[in-house]
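Reader: Could you take me through one part of this model up close? I'd like to hear about the aromatic rings and how they pair up.

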Amino acid sequence: MNFEQLGLAPALLRALTDYGYQTPTPIQAQAIPLVLAGHDVLGGAQTGTGKTAAFGLPLLQKLAALPKPEGLHRPRVLVLTPTRELAVQVSDNLRSYAKHLRLNVTALFGGVGMQPQVEAFRRGVDVLVACPGRLIDHLDRGTCKLGEVQMLVLDEADRMLDMGFLPSIKRVMKHVPHARQTLLFSATFEPRIKALALEFMRDPKEVQVAAQNTIAETISHRAHPVDGAKKRDLLIEILARRHTEQVLVFGKTKHGCNRLAEQLEKAGLPALAIHGNKSQAARQKALSEFKSGKTRILVATDVAARGLDIPELPLVINHDLPMVAEDYIHRIGRTGRNGASGEALSLVSPDEANLLRQIQKLLGREIAMETVPGFEPSRAIRSDAKPFDAAPRGPRPPRNRRPHGKPRDVAAHAHAGQKPAQRDGRRVGHPGAGRRDSRPA
Ligand code: AMP
């Protein structure tokens, strides 16, 4: 199954190629044809499953096919999200998907001035990605009108309810026409979500995918504290010592991955890099060399690795920690499959201490820190402190309740025992969250 077979238009297919997506994720394969056919869709999928593209791609395609309204154009697609971080992330994604279409995508959230937002509405908005609170401020002032909305998405509806947004959602709904297509995404289909669907959707089709945040218990997690400037040398030492194994190394940026692969080559460790700037042919070639064992070391960015069918591996090394904790789980999902033992090794600089804590919070366990002689970091790394965005802890989640060897549902595990509002685990890697990262612990 590829994106073309799902019925997506060439302009979107081009954007996906640019973005490095090759195959649809399960939620995309299920939801895209339904949305294109005009159905209301109730999607059971959490972050990390590719749900944004699952609703975004078909909605953009439908919107682009509509006649452009004359003069001032008001939002015709509205996406409601629980947090500002998610609004930023979703609007960034939609803008990338829409890059070959002439559509304006605007994010709307509180904590910033109203006036620039009023002006954005004056200039015209096609797709509005909004948090309920600020949207209501604009509706009350009459600076935003939703009378032209034809497609509506309630994203992470369970989190919106956890955060007490039900009255706000109901108020927003009063401003949106009845004749519309409605999509609702939620990690669960619990009764309150079903009730929401019953109230606001017409004969919705249900699609559901298993939680992606599953992680084999056979994986060992370790972290080596090291200064950023020494990471490369430590990586070379580790790779030289373990000279037989195939390794997938994750880097942060396309440029960084390229440079790292070159430096490994120079150190006598042949490596190939894959990332979104490489052509599909180049990525496939690198992958087949890696699969055949011709190349032992593959250096990848998250996006490049996500779209590729990488075989099972004994070792994954994070040269840089991912900016979003969920990506740690995607990365190490390459190892320890089907009961095989696997190892996840992370090189962590003092600047990344908070990212490490976010990952530990998501995993629901601590990652062992082992200092390598000669690579001691100049500043200590406290991995046991609370992440900056963590709400006060509830009781610790229970450990080791599942039978041995079974995958663990990390998201559910990390959330167990917390009050609902605490599940608003903000993500790092967005402008606001990034700033929080640099605050001292
Ligand atoms: P989401 O669940 O929408 O937050 O998406 C999670 C991550 O998966 C994001 O980094 C997306 O860019 C990425 N992603 C979504 N769909 C695909 C795909 N078909 N191939 C590769 N990466 C994808």
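Predicted model: local features only at pLDDT ≥ 70, side-chain atom pairs only at ≥ 80, totals over all residues.

Which residues do ring pairs link into a cluster?

Author: The cluster is made of Tyr19, Tyr21 and Tyr97, joined by ring pairs. Going by the rule that ring centres must lie within 6.5 Å, you get four aromatic pairs. Let's start with Tyr21 and Tyr97: their ring centres sit 6.0 Å apart with the planes at 65°, and since over 60 degrees counts as edge-to-face, that's what this pair is. Tyr21 and Tyr97 also link distant parts of the chain, being 76 residues apart. Tyr21 is in the loop between α1 (10-19) and α2 (26-36), while Tyr97 belongs to helix α4 (residues 84-97). As for solvent, Tyr21 is partly exposed, with 22% relative accessible area, whereas Tyr97 is buried at 2%.

Now for another pair, Phe55 with Phe185. Here the centres are 5.4 Å apart and the planes make an angle of 45°, so the pair is tilted. Phe55 comes from helix α3 (residues 51-65) and Phe185 from strand β6 (residues 181-186), so this pair ties together parts 130 residues apart in sequence.

Key:
Residues numbered from 1 in each chain as written. Heavy atoms only, no water. Phe/Tyr/Trp six-rings, centres within 6.5 Å; stacked < 30°, edge-to-face > 60°. Helix = DSSP H or I, 4+ residues; strand = E, 2+ residues; numbered from the N terminus. Buried < 20%, exposed > 50% of the residue type's maximum accessible area, 1.4 Å probe, protein only.
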